[in-house]
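Dear colleague,

Here is the structure I said I would pass on. My notes on it follow below the entry.

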Amino acid sequence: MNDPQYGWWLPPDVSVHGADIDFMINAIHWFMLALFIFWGGFIVYCLIRFRARPGHVAIYRDIEAKWNRWLEIGVAVAETVVLVVFAMPVWAKIKDDLPLAPEQDAMVVRVVAEQFKWLFHYPGRDGTFGKTGPEFYADDNPAGLDFDDEAGWDDITVRGFHFPVDRPVIARLTAKDVIHSFKIPVMRITQDVVPGMEITIWFQAKETGRFQVGCAQLCGLGHYEMKANLVIESKEDFQKWLDEEHEALGLDE
Amino acid sequence: MSEIVIPYRTEPHPLTGVTSGKLGIWLFLASEVMLFGALFSSYVLLRVGAAEGTWPTGVEAGLNVPIGTFNTLVLITSSITMVMSWASLKMGNPGAFKRYMGATIALGMLFLVVKGFEYSGKFHHGIFPATGWPGASDPSTFYGFYFTITGLHALHVFLGILVNIWLLVWGLALYKTEPERFAGRIEISGLYWHFVDLVWIFLFPLLYLL
Amino acid sequence: MSESHAKLGFLRSYVFSTDHKVIGIQYGITALLFLFFGLCLMMMMRWQLAYPGEAIPIIGGLLGETLVDDGAMLPSFYNSLGAMHGTIMVFMGIVPLAVGAFGNYIVPLQIGAPDMAFPRLNMASYQAFVIGGLVMLSSFFLPGGAASSGWTSYAPLSVTATTGQTFWLIGMIFLIASSLLGAINFIVTIIHLRAEGLTFFRLPFFIWSQLVTAFLLLLAFPPLQVAAIFQLMDRLADTSFFMPTGLVSGGDPVAAVGGGSPLLWQHLFWFLAHPEVYVLILPGMGIVAEVIANNSRKPLWGYRPMVYSLLFLGFMSFCVWAHHMYMTGMGTTMSTFFQITTMIISIPSVIILTCLVISLWGASIRFPVPMLFALAFLPMFGIGGLTGLPLGLAAPDAHFHDTYYVIGHFHYVVAPGTIFAMFAGIYHWYPKVTGRQMNVPLGKLHFWLSFVFMNGIFMPMMFEGMAGVSRRLFDPTVYEIGAAVHGLTTMSSWSAWLLALSQIPFIINFFMSMRKKERAEENPWQATTLEWATSTPPPHGNFVEPPVVYSGPYEYSVPGASSDFSPQFIKQES
């Protein structure tokens, strides 16, 4: 796993849907640059050609500049194209095509945000999350697991996020205290995490690496250091990690 | 003080057909529509989003429909007396104006007194804005809304009463020198009062009946 | 019609005045002071950003231990500075300057009115503004510090925050009341008090921009008033308008009944705050239009389309608010609706900007200092507007949401956008208010330095945002992405400090020019609009005889006329 190269433009994209987003971002910026150069050039041209000087008189009534109408119509058409052909379909794909967990072999994880750390809650070998509730929150039980529910005994709750490459991940996000925001720039994901709501997103990585998860919504004093390590690894390495975490629970003793 | 004459204080403007003061109060009422509209919309949003059985009806929450109905009639009557007070002025009868305006003020105060009884009844039963509805499995913020919305409305009623008292006691001096202008002020206060009444006519069913 | 009035005392003439000109100046001075204060807050933040953890020079030793640790800024202070910088600049700086100062002083003059429709209400608006501003400023002295939940005050963070947030809410209630009263005054004044012959389509574009702005203030502020009341109830009476069930804070359950919705706050807030951003830009566009028309010596191109675009923009501004909320988990239907309205609203903005640009074609362009600022507005607002495109679409917004890209976008619009328009207005109308011209070399120095450093601050931010650096971070280098682009952060900080220094020539110019012996001419810009039809400064009541209007607002270089400008208020021999 190489250290990612971060620079002044878009960070590396390791996600499956990121290519569509990056294409839109780059295309829109070329469009913006073209408009800016056109407008800016026109302004500079006017400032020079039509500057006040002896003998030069302004034209009271212009010849109707038809090309201006075309420009405006062109801008409106371009925006409509961007919206209808690219933006809405891409957004719908990201939001609506939720992979169905058993059919598409998605990995489900709960992500719990609190001031000022992330918690990643895996269902463990039984594949079922234990019941949770705010009444069970404690320093040694940050996920709020109800230990009367057997399904929760093998759940893995950690502060670092691991998930396997080339496999859909379904994340169920919730917050304990204030609004946070789950942001992974290299995956082109941002999702606000709102207390009182459980918001589900999905994503899939196409490359491995070590990255960072950050909080993108002001959540208080420690907002700036609310990061988590992110490890995207091969299926084998991920399974090895799960096994190590399972051992650490000490269930089989 | 300013001795500049600003036009359209007493004569209507040809474009709008009203005086500046009247246009001003209509604009103010437009902003009040947005204010109470936001209150109502927030109520609807939270109520619709609440889980089954967690949001009480007015009766379930302990609101007294007969008292609410009585208060509604009080306000409607006060709107009628308000119009009568303005009409009395237009007909050159300041005596009748004083009686009707006095009635409007009295009815407004009666509304507030009744509201006061309703509130103290709630407090007596341990119900405050922060109280969840006792009959629910999950708490709801019904009482928060009830106290805030009716409280804001009552504040508007109170301010209207203050303005009317000022008009009746001190403002009446203007009637001797500029009767048209004074009648205009009563009309403007009347528009505000009708609006406050209208808000209650929506509030009452929303909170008490639904 | 002015009549001689009894000599009023100092208080009645200058402190408790109902004369729109005095009130305009009061608003202007107060707003400029607040703007400068907001700039100072930002300069402190920029130190922490450029040199995280290092003691602030000079000031660090003076601040108390709740704010700094051995001179180095604490996160609590940083968050307060951020929240208050935004709040002060928007609500206590730009709106009072653009609407309260320029609007109050110029609107009655430009429509030929003796004063505003409700002079005493006008005074009350100013007083409410001052009270609100003082409440906001006093919050800095509270034990828990000023508000620190962003200018957006999202719940539940704001509900559980320190007392400074309560002061923020109370201050907002006064500031909102001030704007509401002012808006009523502007609308009635513009509709009712226009001079004879001044039909709507003969109005200067500045008046149209103030009219639409007033409607936005009138109708958009009340929902925020409601939201502020709800949040006060949540904070003080433990209600749960915005507090969902089961919240914890610092590990302990929050004492609220629950059942509320944090998103309700966002909807109510953004329902105001989106129209608010148009309030921030429209008066500036109006000023730029006046200055460009005057200094290009020809009528504005596309005056009617500009007016219709303005009206349409005002209407649409109520329909786009949730584009600030794309990441809150909304469904695709709702997000589609708001993406469409957001794309639609960009069209009238483009039309207005394009018409201003085309107005330069076939012109005879002069370059006094106000024109420099007005011309710079065009590309700067252009960049601001263009960078709104990727933000207005939900898919790219997934990358840019709450990053420095957003900060760069809106600052391009308000800083080298609106504030440059404000400078243009100050340099342009200074001779009207004071009877003197500002010094030109100092003005040009002010312009060029400001232009360079504005770009120096905000262009790096676009790249930081592109790289994925989040906003509101006390120390962005905590993240690898932030550390990688730290050079950009430092560049922004130095540009900010140099920008502040660049205002010195302006401040000197502003005060020294007032005392110049040499008076300016009555109409030094050879302008056509009504404010130049009266003496300088205008008397109480503005016009000795009520003016009559005979033509449109921009009759420059009319073929066959004796001079290159034909004022609206002078009948031209045809």
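I start with a strand pair in chain A: strand 6 and strand 9 run antiparallel and are joined by 2 bridges. Helices (H or I, at least four residues) and strands (E, at least two) are DSSP runs, numbered from the N terminus. In this pair, A:Phe182 has A:Cys215 of strand 9 of chain A as its bridge partner.

Before the rest, the conventions. The model is predicted, so local features need pLDDT of at least 70 and side-chain atom pairs count only at pLDDT 80 or more, while totals for chains, interfaces and linings use all residues. Residues are numbered from 1 along each chain as its sequence is written, and chains are lettered from A and ligands numbered from 1 in the order in which they are written.

Sheets of chain A

Two strands pair if DSSP finds at least two bridges between them.

Strand 1 (residues 107-114) and strand 2 (residues 117-122) of chain A run antiparallel and are joined by 5 bridges. Within strand 2 of chain A, A:His121 stands opposite A:Arg110.

Domains of chain A

The domain assignment of chain A gives domain 1 (18-96) and domain 2 (107-249); such bounds come from an automatic or database domain assignment. The centres of the two domains, taken over C-alpha atoms, are separated by 43 Å.

Chain contacts

Two residues are in contact if their C-beta atoms, placed from the backbone, lie within 7 Å. Of the 2 pairs of chains in contact, chains A and C share the most contacts. No contact joins chain A and chain B, and their closest C-alpha atoms lie 12 Å apart.

Between chains A and C, 75 residues of chain A are in contact with 81 residues of chain C. On the chain A side, the elements that give two or more residues are helix 1 (18-49), helix 2 (66-96), strand 6 (180-184), strand 7 (189-193) and strand 9 (209-215). Helix 2 of chain A gives the most, with 15 residues. By class, this side has 49 nonpolar, 13 polar and 13 charged residues. Here Ala, Val, Leu, Ile, Met, Phe, Trp, Tyr, Cys and Pro count as nonpolar, Asp, Glu, Lys and Arg as charged, and the others, Gly among them, as polar.

Between chains B and C, 38 residues of chain B are in contact with 41 residues of chain C. Helix 1 (20-49) and helix 4 (142-171) of chain B are the elements that give two or more residues to the chain B side, and the largest share, 15 residues, comes from helix 1 of chain B. That side divides into 21 nonpolar, 15 polar and 2 charged residues.

Helix packing

Helix 1 of chain B packs against helix 6 (residues 205-236) of chain C at an angle of about 40°, with the axes 8 Å apart. That makes the two helices oblique to each other (angles under 35 degrees count as roughly parallel, over 145 as roughly antiparallel, 65 to 115 as roughly perpendicular and the rest as oblique). Residues in this contact include B:Met34 and B:Leu35 of helix 1 of chain B and C:Pro222 and C:Pro223 of helix 6 of chain C. The contact has 11 nonpolar, 3 polar and no charged residues.

Within chain C, helix 3 (residues 75-111) and helix 13 (residues 404-434) pack at about 25° with their axes 11 Å apart, and are therefore roughly parallel to each other.

Regards

Notes. Axes fitted to C-alpha atoms, helices over the stretch in contact; angles between N-to-C directions.
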